[in-house]
Structure formats: structure tokens, C-alpha cells
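Please open the structure in your viewer and keep the selection tool at hand. The tour below goes from one selection to the next and says what is there.

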Amino acid sequence: VQTDASPGGVMPGHGAEQGDDIGAPKRRSMFSSMLFGRGGVPSSSRTSVGVSAKAHGAKLKAKGDVSGALLALEAGLAAAPDDSVAFHAAIAQCHVLRRDFGLACRHFGAALDDAGREASNEPRFRKVLDAEFFFAMGDACHRQQLQQQCVFAYESALELSNKPKATNMSSVHYQLGVACRDLNQLARAVEHFQKVAKPLQVSLSAGDILCELEACHTGLGETERAEECMRRAMGDAMPIRPENIARLAWSRYQLSGDGDSTLEQLTACLKRNGVRRKTQAEVHAMLGRVYLDRREWVNAETHLGLSCAREPTVLNTWLALGELYSATDRDDMSMRALQRCTELDPEASAAWGLMARMYEKHRQTSRAMQIYNNHMDPEDPAVQLRRNHILHAAALTLQRVFRGRQARKLVARIRGMRQVARNYGTRLQQWEVATLNSKAGLVLHSKLAHRAEFGDMPLARDRGRPGAGFGRKPLGSSFF
């Protein structure tokens with residue numbers, strides 16, 4: 001267990017952190033003088049001084065005078081540093097009674113550090129570092145969100161005893177389950193949650209434990225077990241914790257689609273006292289999603305914005321914002337929200353897919369195709385359909401451009417007919433209209449255009465043929 005305590009102990013400087021006045025060290029020295037005399041403690045009697053200080057601190061603690069017990073134990077630690085393990089352990093227990101779990105964790109860690117430095121005296125520490133020491137340490141670390149230290153302490157305690165005096169096994173297994181879940185050790189978390197035999201001992205209901213199990217099974221990819229846990233939670237006692245009430249309401253909404261009751265339950269969760277910031281973000285995200293499904297854009301944007309403000313690293317919230325902005329034609333803001341999704345998770349296929357469709361909407365098909373090729377599953381039928389659609393549209397565009405070029409070439413050929421029409425009158429114009437759409441008519445048009453431009457020179461394809469003379473023939477029976 002890593003601590004920031006000094007090797008000799010953290011006693012002399014911790015009082016200021018807890019709001020003690022400046023005279024606290026002086027009072028401790030006066031208390032030491034009162035216990036051990038004004039002449040100080042001779043080195044030959046440090047052991048007896050430590051024993052008497054521990055005994056006096058224990059008496060004061062038993063009488064309920066925790067502050068006096070702390071003063072006595074701190075003075076004993078200063079006078080007898082050789083027995084620092086026992087003093088740190090006793091001081092940590094006093095801080096637990098004062099609900100000062102931060103200092104308690106520091107002293108628990110200092111006791112273990114000092115015991116590690118004096119490994120040769122391990123038998124002497126066994127009475128101090130007993131099961132109750134580790135149970136108390138595990139509870140303090142759990143309250144301080146020190147999950148790795150909590151797991152170490154509780155597992156050490158369970159190796160020594162499975163009958164704690166100051167707590168109960170349901171509380172131990174629940175806190176171990178929470179710690180393992182936060183450390184992403186989901187299989188171990190499931191084992192501990194399943195051992196919570198009496199949820200009421202930890203101020204929970206069976207529905208709360210089932211919701212915790214559902215979250216672990218979902219993280220493990222065990223969808224059927226997760227759904228079974230939620231079905232059991234819907235039939236068992238209502239959860240007590242706000243986050244589990246919201247989770248259960250969201251599951252019911254996904255099954256039934258009843259948005260009115262879901263909005264009512266989620267709003268009631270936010271009105272409860274003591275709701276954690278993370279839970280508030282989750283509930284706001286659920287409310288935003290329900291309003292988004294109901295196409296109530298203003299309410300959806302309000303709740304999704306509040307969720308991002310409280311917990312800005314949740315992928316699904318940013319994805320919902322991207323969908324909202326896309327549905328309301330705010331493509332720039334939608335693109336920024338989706339880019340935030342890809343920053344949080346480069347494998348977020350839903351965000352990449354929505355970005356690709358937005359690029360298609362703005363005719364940036366090359367970027368859309370790049371996303372489909374590099375960031376999405378090429379075997380996905382939906383991805384294949386979109387890629388084929390882009391390729392088909394590109395082929396049609398290419399064909400349209402080619403046909404336009406051919407049409408422009410044809411127009412350039414027929415421009416010469418205007419000169420012929422001016423020379424030979426409306427009779428030729430009537431013939432031109434009648435034969436324009438036929439292949440033979442196009443050949444005649446090209447001949448006329450060539451003669452109008454080059455005079456007596458025959459066409460290249462007529463050179464060398466019999467009768468292909470160079471004299472200009474008047475229009476008349478030779479053509480009509």
C-alpha cells in the first residue's frame with residue numbers, strides 16, 4: 001500500500017489538515033509531559049512509556065474520548081518510535097471513529113510500511129495486524145475510493161478470518177465487488193456480488209444487487225445473463241440507489257417504449273438528495289435520449305448538454321448530441337460532436353457511420369468512402385450497401401459527363417450547318433430537322449458542314465472512291 005506518510009509517522013503535521021488550531025502541537029507536548037514527566041523520556045524506559053501510552057489511549061477510547069485517545073497515542077508515538085506499528089494502527093482506528101477516513105488510510109499505510117521495514121519482528125506484529133485491522137482498512141479505503149488498496153486489505157482480512165466483529169460479510173463482499181468492478185475485474189466482481197446474502201445489511205435491496213450484476217454481465221458480453229438479471233430486478237424489490245432506479249427505468253423503456261413513465265421516474269431520481277455527480281450525468285443522458293426519440297429537440301439538447309457538463313467523457317452522450325444536431329440540420333456542430341466521439345473511442349463505428357453519411361449528404365463522397373474503407377467493418381452489409389451506392393452514383397456521374405462531352409462534340413459539328421442554311425435557304429433547314437435524329441442524317445450533316453468549310457475538297461472517307469470528284473455539285477436531285 002503506497003502512502004505519503006513519513007517513515008517515522010505522520011503525526012506531528014497532520015493536525016493542521018483537520019482544522020486544528022496552531023496550539024495543537026503544544027497541547028500534545030503538554031500531554032506528553034503530563035504522562036511522562038517534564039524531564040522527557042529516557043531511552044531506557046521507552047518500551048514502558050509506549051505500553052503505558054497505549055493503555056491510556058485505549059482507556060480514553062473506551063470511554064468515548066477519541067480526541068484524548070489520539071493525543072495520548074500521538075505522544076506515545078513521539079516518545080517510543082520503535083513501536084510505531086502498534087501506534088499507527090491504534091491512531092488509524094481512532095480516525096475511523098472520527099469518520100476521518102483520509103487520515104485513517106494514511107496511518108494504516110504507515111503501519112504496514114513500518115512493519116515491512118522490520119520484517120524480522122513479524123511475530124510481534126501479528127497481534128496488531130490482525131483481521132480487524134485489515135477489515136477496518138478495507139472499509140476506509142473503500143470510502144476514499146482507493147479500490148486497489150481496498151481489495152488488498154479485504155483479501156488479507158479474509159485470509160485471517162471470515163467473521164468480522166465491526167462489520168458483516170455482506171458489506172465486505174459488496175465493497176469488494178464494487179472495487180473489482182471499478183478495477184475492471186468483472187468476473188471477480190460477479191463472484192463477490194453473488195455472495196451478498198443480506199443486502200439490507202448494506203442498506204440495499206435485492207434489486208440493487210441485481211442491477212450491479214447486470215452491469216458486470218454486460219461488460220463481460222454475457223447478454224442473456226444481463227437480461228435475466230434485469231427481468232428479476234423488475235419483479236423483485238425496487239432498487240434503493242438512484243443510479244439503479246434510473247437503470248431499471250431505462251431497461252423498462254427499451255422493452256415497452258413507455259416514455260411518459262420513464263421520464264417521470266428519471267426526473268424523480270434527479271430530485272433525490274445526495275445524488276452523485278456521475279449518476280446525475282447518467283440520468284440526464286437517459287432523459288436526453290428519451291426526448292430525442294420523442295423528437296422534442298429543445299428538452300433533448302438541454303439534458304444532453306447537462307450530462308456532458310457533468311461527465312464530459314461519456315461516448316454515448318456525445319453520439320446522441322451528434323444525432324440531435326444532424327436531425328436539426330446543424331451539421332457543423334454535429335460533426336464536432338462526432339469527432340469528439342472518435343477521440344474518446346477510435347473504434348466507435350456508430351459515430352464513424354454517421355460522419356460518413358453526413359459527408360455523403362454534402363457530396364464529399366471521397367471522404368465518406370475513406371471512412372467506410374478505413375474505420376468500419378468491410379463485411380458489414382450496411383457498409384457494403386453504402387459503398388455500392390457511392391460507386392453506382394460515381395459511375396452515373398462519369399457516364400453523364402461522357403455523354404455531355406459527346407453532345408458538345410456533336411454540337412460543334414452541326415455549327416457548320418448554319419452557314420449552309422444561310423447559303424441554301426429554308427429547304428435545307430426542313431431536311432435538317434427531318435434527318436437530325438437518324439444516322440444517315442448525321443452523315444449528311446457532316447458532309448454539308450465539310451463542304452461549307454473546305455469547298456471542293458472531298459471528305460477523307462470518300463477519297464479514292466469512284467465518282468468522288470472535286471467539282472462542286474449543285475444541291476438538287478443528287479441529294480433529294
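Which residues do ring pairs link into a cluster? In this predicted model, the cluster is made up of Phe108, Phe133, Phe134 and Phe152, which ring pairs link together. A search of the whole structure finds six aromatic pairs, and two of them are stops on this tour.

Select Phe108 and Phe133 to begin with. The centres of their rings are 5.0 Å apart and the planes stand at 80°, over the 60 degrees required, so this pair is edge-to-face. Phe108 belongs to helix 5 (residues 101-117) and Phe133 to helix 7 (residues 131-143), so the pair ties together parts that are 25 residues apart in sequence. Both Phe108 and Phe133 are buried.

Next, select Trp250 and Tyr253, whose ring centres lie 5.4 Å apart with planes at 35°, so that this pair counts as tilted. The two residues, Trp250 and Tyr253, are three residues apart in helix 13 (residues 242-256), which means that about one helical turn separates them. Tyr253 is buried, with a relative accessible area of 12%.

Finally, select helix 3 (residues 66-79) together with helix 4 (residues 84-97), whose axes come within 10 Å and cross at roughly 160°. Because of that angle, helix 3 is roughly antiparallel to helix 4, and the crossing of helix 3 and helix 4 is left-handed. To see the contact itself, show the side chains of residues including Leu70, Leu73 and Leu77 of helix 3, and Phe87, Ile91 and Cys94 of helix 4. By class, the contact of helix 3 with helix 4 holds ten nonpolar, four polar and one charged residues.

Key: Residues are numbered from 1 along each chain as its sequence is written. This is a predicted model: local features need pLDDT of at least 70, side-chain atom pairs count only at pLDDT 80 or more; totals for chains, interfaces and linings use all residues. Side-chain values use heavy atoms; hydrogens and water are left out. Axes are lines fitted to C-alpha atoms, for helices over the stretch in contact, and angles run from 0 to 180 degrees between N-to-C directions. Helices (H or I, at least four residues) and strands (E, at least two) are DSSP runs, numbered from the N terminus. Angles under 35 degrees count as roughly parallel, over 145 as roughly antiparallel, 65 to 115 as roughly perpendicular and the rest as oblique. A crossing is left-handed if the near helix is turned anticlockwise from the far one by less than a right angle, and right-handed if clockwise. Contact means heavy atoms within 4.5 Å. Ala, Val, Leu, Ile, Met, Phe, Trp, Tyr, Cys and Pro count as nonpolar, Asp, Glu, Lys and Arg as charged, and the others, Gly among them, as polar. Rings of Phe, Tyr and Trp (its six-membered ring) pair if their centres lie within 6.5 Å; planes under 30 degrees apart count as stacked, over 60 as edge-to-face and the rest as tilted. Buried means under 20% relative accessible area, exposed over 50%, partly exposed in between (1.4 Å probe, protein chains only).
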